[in-house]
Amino acid sequence: MKLDRPVTGGPCWAELGTSDVEAAKRFYTKLFGWRPTIDARLQAGGYTIAHLGDAAVAGLTPLYQPAQPVAWNVSFAVDDADAAARRVAEAGGAVLLGPADVLDAGRFVVAADPDGAVFQVWQARAFAGAGLFHAAGALGWVELLTREPARARDFYAAVFGWSVGGGERYPRWRVGGAEFGGMVTMDDKFPHEVPAHWLPYFAVADVDTAAADATSGSGSVLMVPTSLPEGPRIAVLRDPQGAMFGVYRAHQD
């Protein structure tokens with residue numbers, strides 16, 4: 001079983017912080033067929049929500065701090081953002097921002113795990129998160145790349161109540177019996193300067209076409225389209241501003 005909606009402890013949103021929101025809108029609209037709309041309220045700071053049909057599927061935002069990297073960020077749903085922030089600190093992570101309210105939409109925290117992988121927690125009010133999962137152009141999987149897998153298991157279990165299955169080669173994160181992501185151990189093949197991070201994967205109808213479209217749109221391919229043993233076909237891409245993300249072939253009924 002896989003998650004098909006936001007649930008407590010599971011991924012609920014993916015948000016791109018980028019140096020060029022207009023260029024990102026063009027790139028992802030071509031790649032995924034998104035329909036971006038800007039929140040016109042001054043307090044929203046230029047926040048853009050991407051839609052597929054009527055469903056919100058991802059956020060795009062300008063960089064708010066000079067040191068903020070261009071990157072995709074993954075948010076996980078919680079019932080109480082303040083309590084989640086306390087659990088992060090108690091488990092050896094760091095609270096980087098918040099807890100803070102986002103207008104009437106919800107309350108959020110930006111945090112980092114003990115290996116430095118940044119993530120967000122989201123306490124929903126008016127906005128629950130993504131309205132579509134696993135469809136072409138929508139979020140469907142999240143992956144932690146870390147140099148401290150044992151510590152990551154303990155940390156995320158303490159913060160979100162996750163369990164781990166799927167074997168040692170590619171452990172898979174679970175919440176409430178549903179799988180929603182995996183964990184990759186960063187070995188010597190990863191350059192030392194690449195930090196631990198969360199990587200969102202978006203579903204596509206055809207991985208090879210998506211990789212070609214990313215390249216033609218001035219992005220790049222970091223991992224060529226690959227069919228996994230007993231798994232989907234995937235690729236890892238980078239947008240023109242430098243944000244990394246994955247794509248996988250959406251299940252065809």
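These exercises, with worked solutions, concern a predicted model.

Residues are numbered from 1 along each chain as its sequence is written. Local features need pLDDT of at least 70 and side-chain atom pairs pLDDT 80 or more, while totals for chains, interfaces and linings use all residues, and side-chain values use heavy atoms, without hydrogens and water.

**Exercise 1. Helix H1**

Task: Describe the span of helix H1 and what lies at its start and after it.

Solution:
1. Helices (H or I, at least four residues) and strands (E, at least two) are DSSP runs, numbered from the N terminus. H1 covers residues 21-32, 12 residues in total.
2. The expected span is 1.5 Å times one less than the number of residues. From first C-alpha to last, H1 reaches 16 Å, close to the 16 Å expected.
3. At the start of H1, a side-chain oxygen of Asp 20 comes to within 3.4 Å of the backbone nitrogen of Glu 22.
4. Gly 33 follows H1 and has a positive phi, near 75 degrees.
5. Buried means under 20% relative accessible area, exposed over 50%, and partly exposed in between (1.4 Å probe, protein chains only). Among the buried residues of H1 are Val 21, Phe 27, Tyr 28 and Phe 32.

**Exercise 2. Aromatic pairs**

Task: Classify the pairs Phe 76 with Phe 180 and Tyr 156 with Trp 162.

Solution:
1. Rings of Phe, Tyr and Trp (its six-membered ring) pair if their centres lie within 6.5 Å; planes under 30 degrees apart count as stacked, over 60 as edge-to-face and the rest as tilted. The structure holds 32 such pairs.
2. Phe 76 and Phe 180 are 6.5 Å apart, centre to centre, with 65 degrees between the planes, an edge-to-face pair.
3. Phe 76 is in strand S5 (residues 71-77) and Phe 180 in strand S12 (residues 178-185), 104 residues apart, and the pair links distant parts of the chain. Both residues are buried.
4. The ring centres of Tyr 156 and Trp 162 lie 4.9 Å apart and their planes are at 10 degrees, so this pair is stacked. Tyr 156 and Trp 162 are both buried.
5. One aromatic cluster includes Phe 76, Tyr 156, Trp 162 and Phe 180.

**Exercise 3. The largest pocket**

Task: State the volume of the largest pocket and describe its lining.

Solution:
1. On a 1 Å grid over the protein atoms alone, a pocket is an open set of points where a 1.4 Å probe fits, with protein on both sides within 12 Å along at least five of seven lines; lining residues have an atom within 4 Å of a point.
2. The volume is about 1400 Å³. Of the 44 lining residues, Glu 15, Gln 68, Asn 73, Val 110 and Gln 120 are the closest to the centre.
3. Ala, Val, Leu, Ile, Met, Phe, Trp, Tyr, Cys and Pro count as nonpolar, Asp, Glu, Lys and Arg as charged, and the others, Gly among them, as polar. The lining divides into 27 nonpolar, 12 polar and 5 charged residues.

**Exercise 4. Backbone geometry**

Task: Which peptide bond is cis, and where do Leu 103 and His 134 lie?

Solution:
1. The bond joining Gly 98 and Pro 99 is cis, with omega about 5 degrees. Pro 99 is in strand S6.
2. Leu 103 lies in the loop between S6 and S7. Its phi is positive, near 45 degrees, though Leu 103 is not a glycine. Leu 103 is partly exposed, because its relative accessibility is 33%.
3. His 134 lies in the loop between S8 and S9. His 134, also not a glycine, has a positive phi of about 70 degrees. With 23% relative accessibility, His 134 counts as partly exposed.

Definitions and conventions: A polar contact is a pair of N or O atoms within 3.5 Å; within protein, one must be able to donate a hydrogen and the other to accept it, and residues adjacent in sequence count only if both atoms are side-chain atoms. Grid points are joined across faces, edges and corners, and a volume is the space filled by probe spheres set on the points.
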